[in-house]
Amino acid sequence: MGTGLHPSDFVSLTEEKLRRAQSDRLVTLVDRLRVVGNPYWRGKLGDAGAVGSLDDLDQLPMTTKAEFRESYPFGMLAVPLEDVVRVHASSGTSGKPTIGAYTASDVGMFAEVNARSLALAGADSSSVVHVAYGYGLFTGGLGLHFGVEALGATAIPASGGNSGFQVRMLGDLGATGLACTPSYSLLLAERAAEEGLLDAISLRWGIHGAEPWSEGMRHKIEEAWGGGFDACDIYGLSEIIGPGVASEWVAHRGRLVIAEDHFYPEIIDPATGKGLADGEVGELVLTTLTKEAQPVIRYRTGDITRLLPPVGGLPFRCMDRLWGRVDDMLIVRGINVYPREIETVLLSDPDLGGQFLIYVDKRGVLTEIEAKVELRSPDLLSRRDVVAERLQRRLLETLRLRVKVAVADPGELPRQEIGKAKRVHILE
Ligand code: DLL
């Protein structure tokens, strides 16, 4: 299937050949897992029907996040521990972390899918890529880092934090690409502007993910870097591999190309578990086709999206940018809404910067939502009330939601330098 590092490696791969390869990979995987012999895999596949092709995928049971916790740390391993060369972990919000284990071949594949994502976002071997995802147990930093190296580009392993220093390095080392969360990209751009360093920085593209972000946020980030900057979305999760499961192609933005040669996607109705057709919105379920150390069968990601047709001559199907998570959906006076829909309305306002917070107050009889946003510039202070009223009206018109909007001064809302931005706060 080519080296897999660049979109052009796949031009000769037809959808038919891809399906055959996926089918073979699935059958090989299931045959191997049936003889692993540890309690987890015996339990998982003990009652499952025969799998002779991709069409039999629905014979296999789903996997949930709880299983990762129950088999902590190494119960899901499908190879001896001595074959594991790296471990990542996701801290999660409560309870035990989930562990991801990788063989040498797995770390190679992890680097390959990230190299491909970077190439889709605009990188090539001459790029200098500033990687400001966290390095460590989190998959973001090392995942993108080895992707940059596999592409033959130059990686700057900045990690998170120390933003004043980071913006100086961005200029001094001549970074052309920036890999970090969307919120951190915006923070770095603001910081570069404050320090008068924007002109010294020649970034042309960013690869942003690990947290939800809307088209409005994309626009704010691109504007904040001063134009000539393309921000692309990258999706992934530690249970499957980390970043690189799917990512946007700068030439066809608005959908993410799925690395379908390694991760087979399905969409289900989260309430019933029933499979949905391509194009229908539901929960993304992923099966790893090539992972050795810790393969996952039909993992319920909890992420809401839909499958879309391939673009630009590639054989891989795409997915929508994430709508939200199954458990994020808010029900406010009978209206179902994802926080990203609120973000979309807020950040489409030209007078606002990209910072916002959403408070969902469930303590009273009726759930109330309050949004805190920030003006883009001190020149707009006299327009505070106009902006607040305008946003309240738009939220009511587009989402039928009554939201109290508070408009803060530029720079007033808290910024987060490390980890994923927490924008939605539930008070209960
Ligand atoms: O966030 C992996 C990653 C690192 C992805 C760097 C992209 C870039 P986890 O910490 O396990 O892994 O969190 C996975 O984050 O199930 C989604 O709910 C959310 N998420 C990841 N990417 C996106 C994205 C990494 N592009 C969880 N848009 C996933 C929205 C995202 N949400």
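User: Helices (H or I, at least four residues) and strands (E, at least two) are DSSP runs, numbered from the N terminus. At what angle do helix H4 and H5 pack?

Analyst: This is a predicted model: local features need pLDDT of at least 70, side-chain atom pairs count only at pLDDT 80 or more, and totals for chains, interfaces and linings use all residues. Residues are numbered from 1 along each chain as its sequence is written, and side-chain values use heavy atoms, with hydrogens and water left out. Axes are lines fitted to C-alpha atoms, for helices over the stretch in contact, and angles run from 0 to 180 degrees between N-to-C directions. The axes of H4 (residues 104-121) and H5 lie 7 Å apart, and the angle is about 75°.

User: How are H4 and H5 oriented to each other?

Analyst: Angles under 35 degrees count as roughly parallel, over 145 as roughly antiparallel, 65 to 115 as roughly perpendicular and the rest as oblique. H4 and H5 pack at about 75°. Their orientation is therefore roughly perpendicular.

User: How many residues of the contact of H4 with H5 are nonpolar?

Analyst: Contact means heavy atoms within 4.5 Å. Phe110 and Leu118 of H4 are among the residues involved, as are Phe146 and Val148 of H5. Ala, Val, Leu, Ile, Met, Phe, Trp, Tyr, Cys and Pro count as nonpolar, Asp, Glu, Lys and Arg as charged, and the others, Gly among them, as polar. The contact has four polar residues and no charged ones; the nonpolar count is ten.

User: How many charged residues are in the contact of H6 with H7?

Analyst: H6 (residues 163-172) and H7 (residues 182-194) pack at about 80°, with axes 9 Å apart. They are therefore roughly perpendicular. Six residues are nonpolar and three polar; the charged count is one.

User: Which strand gives the most to the shell around the ligand?

Analyst: The ligand is surrounded by 19 residues (heavy atom within 4 Å). Nine are nonpolar, five polar and five charged. Helix H5 (139-151) and a strand at 230-237 each supply at least two. With five residues, the top contributor is E7.

User: How far is an oxygen atom of the ligand from the side chain of Ser238?

Analyst: A polar contact is a pair of N or O atoms within 3.5 Å. Arg325 has a side-chain N or O atom 3.3 Å from a ligand oxygen. For the N or O atom in the side chain of Ser238, the distance is 2.4 Å.

User: Which residue is joined to Pro73 by a cis peptide bond?

Analyst: Most peptide bonds are trans. Pro73 lies in the loop between helix H3 (65-70) and strand E1 (86-90). Omega of its cis bond is about -5°, and the partner is Tyr72.

Key
A polar contact is a pair of N or O atoms within 3.5 Å; within protein, one must be able to donate a hydrogen and the other to accept it, and residues adjacent in sequence count only if both atoms are side-chain atoms.
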